Amino acid sequence: MEAEKTFDFENNIEKALRDDRLRKNLRNAMDILVEKRRSVFPDREHLERLRAAGNAIKRRALKQLPCLLEQLEANCTKNGIQVHWAEDTAEANGIVLDILRRHDAKEVVKGKSMVSEEMHLNHFLQTHGIDALETDLGEFIIQLNHETPSHIIVPAIHKNRDEVAAIFQEKIPDTPYTENVEELTAIARRVLRERFARAKVGLSGVNFAIAETGTLLLVENEGNGRMCTTVPEVHVAVMGLEKVLEKLSDVPPLLRLLTGSATGQLITTYVNMITSPRRQGEKDGPREVHLILLDNGRSHILSDPEFRQTLLCIRCGTCLNHCPVYVRIGGHAYGHVYPGPIGKILTPQMEGLRRAGVLATASSLCGACAEVCPVQIPIPALIRRLRRESYDTGDGATVADAGYRSNLAETLIWKGWELANTVPALNRLGTRLAGAVGDKMPNRGPLKAWTRVRTAPKFAAKSLHDRVGKEGVKNE
Amino acid sequence: MEKQEYPAKPETVYFFGTCLMDAIYPDAGLAAIRLLRREGLSVLFPQGQSCCGQPAYNAGFAGEARAVARKQLEEFPKPYPIVVPSGSCAGMMKHHYPELFAGTPEEDAARAFSDRVYELFEFLVRVLDVRLEDRGEPVTITWHSSCHALREMGVVPYAKTLIGQLKNVSLVALERETECCGFGGTFAVKQPALSAAMVADKVADISRTGASKVVAGDCGCLMNITGAMAHSGVRIAGQHLAEFLWERTHGS
Ligand code: SF4
């Protein structure tokens, strides 16, 4: 992708940090989301049990993924849903285009779908003369402004109300400026209704697909998802392979975790369960339903027992909401479709370390994400593993471009550090030297980065090693 | 986190001084040792000890981290508890050593070592059941939780228990007490702009409390926060809780 070729993470970060309005919008919004989540999970022990259950369900599904996908395909087919397999995004885009062409569709109405973002579907369709309209309110706003989502659940979260008002006034013909939320919603509804009524094809994502019954489950709050999947003649659903669950009884705990973590709701306003196209005698619903199963690197991720945990993700977005880095820079700075902690572990695995490995450096490993992740993904451990693979091709490296960061200078630094911390005489020499220079170290390299906003650390004249003896503390 | 089990009060403990305390905050290390000895324990400080290995481990240099960790396994051979005055280093030694040595000949040794690791304040409260008598002047402080003390070790309540025993100390909580200060080891130098933004917000939060001192249980955070305060001219002191406790409670 164009944008990704010129991905300059450092510059993006600096730019975002300077944007006071962005930081304020994000902080306010994240505070609300964090608080809402807290309020629907008041009992810590209950939540921990639920998270353990969520983890176990998803683990079980991943363990038998190939079987479950085949079962899903068989049951969907039996129900009249047409199933397509796509190894990469180009193939998935091609399948969508084929369906649209077959129905002579020049436009498509879309429900919110991160997989379609991963496919860069809108851009692809545009190059083929097809107009894809985002109908989720947040997506609608940023599409008007030619932006990409900055959050996987609340895509326009970086915008405040005034900004939305200005976008509507500027981009939608005959629209007066208003900051009234109801009026803004009414404006969007007016535009969208017309398009729902006229579109031949609707496209959506999938939150969970149930192999046992061949059911696609989709949660949303605005009803636009239901419109996209029921009004047009044709419904196309796109999903990543990892979204499949074994059975219907797996749904309730995960649904509770998803909506509680994502938006702090006990349940969303709409829970759509789609099991077939319109049946004989039914008065509504699409005539055709298609399901596109996208791999795009997922089966490779699945093959590594540790990295596999990335695929437990149910895309709730709560790791973004709790991340001290995300809240300060927002989603666009990450330069890829999936931002925040989940993006830091997923993107390098999908795109390779050379293109996206730098994302793994943007974490203090504070663990706030892993603490809240509803399916217990050990995000910091996976970030650490990506850092290791960035330098090292050994130890069973599985990510593309392993070792890309390997360089003599850093290797020497860490070798030196190892020596200083394994040879006691060197260790003493080191602390004594540091003690002798005190805070008069040459201001270069890492120390320069440190002293940008801090005074240099002041080394003590005598180390603890030296001083314990005087206290009568014995060696052993 | 599995439920931690605690031994009866032992006669002897090992003290692991951490590399930052060794080189930059030795007073805090001595204070921690004094707190332990005052409870009648004999404290051993193996001179061959160095660093827990976390800096390399988190930076992606697992081999180097393992070599340094192995040195610590060797230096603390007897079955005494190992008391660590840092939630972060304790977390490394307790929770990451077993994974670092998984599949190596030292796997069992690492596990046995990890079982003996306790964070200082956790040990003072849960094992020694200390009762502190405050001899200091009235003071208002605030407390900074390190992320690993909070999330890996779950020991922040013990630090607060100890502060709560000091009758002349009033503790004002930070507004965002659970948010990282931006230290993160090499993160501070690999992502300096992000780290700077995080520590600036932390300093602002500390300033808003009106406290004259910020107390913490981890030297990494302390170095980050006090360095940023000094650089921006904020006149609030920073101190390791061990040193603060000792200062306020020892008879002079
Ligand atoms: S990694 Fe966990 S917290 Fe983050 S989006 Fe996925 S499920 Fe949610």
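In which helix of chain A is the place of A:Gln126?

**View 1. A:Gln126 in helix 8 of chain A.** A:Gln126 has its place in helix 8, residues 121-127 of chain A, helices being DSSP runs of H or I with at least four residues, numbered from the N terminus. The model is predicted, and local features need pLDDT of at least 70, side-chain atom pairs count only at pLDDT 80 or more, and totals for chains, interfaces and linings use all residues. Residues are numbered from 1 along each chain as its sequence is written, chains are lettered from A and ligands numbered from 1 in the order in which they are written, and side-chain values use heavy atoms, with hydrogens and water left out. A:Gln126 counts as exposed because its relative accessibility is 57% (exposed is over 50%, buried under 20%, partly exposed in between, with a 1.4 Å probe and protein chains only).

**View 2. The nonpolar core around A:Ile377.** Leaving aside neighbours within four places in sequence, A:Ile377 is in contact (heavy atoms within 4.5 Å) with residues including A:Gln309, A:Cys313 and A:Leu382.

**View 3. The surroundings of the ligand.** Around the ligand stand 13 residues, of which the closest are A:Cys313, A:Cys316, A:Gly317, A:Cys319 and A:Cys373, a residue being counted if one of its heavy atoms lies within 4 Å. This shell comprises ten nonpolar, two polar and one charged residues, where Cys counts as nonpolar and Gly as polar.

Terms used: A nonpolar core is a set of buried Ala, Val, Leu, Ile, Met, Phe, Trp, Tyr and Cys residues joined through side-chain atoms within 4.5 Å. Helices (H or I, at least four residues) and strands (E, at least two) are DSSP runs, numbered from the N terminus.
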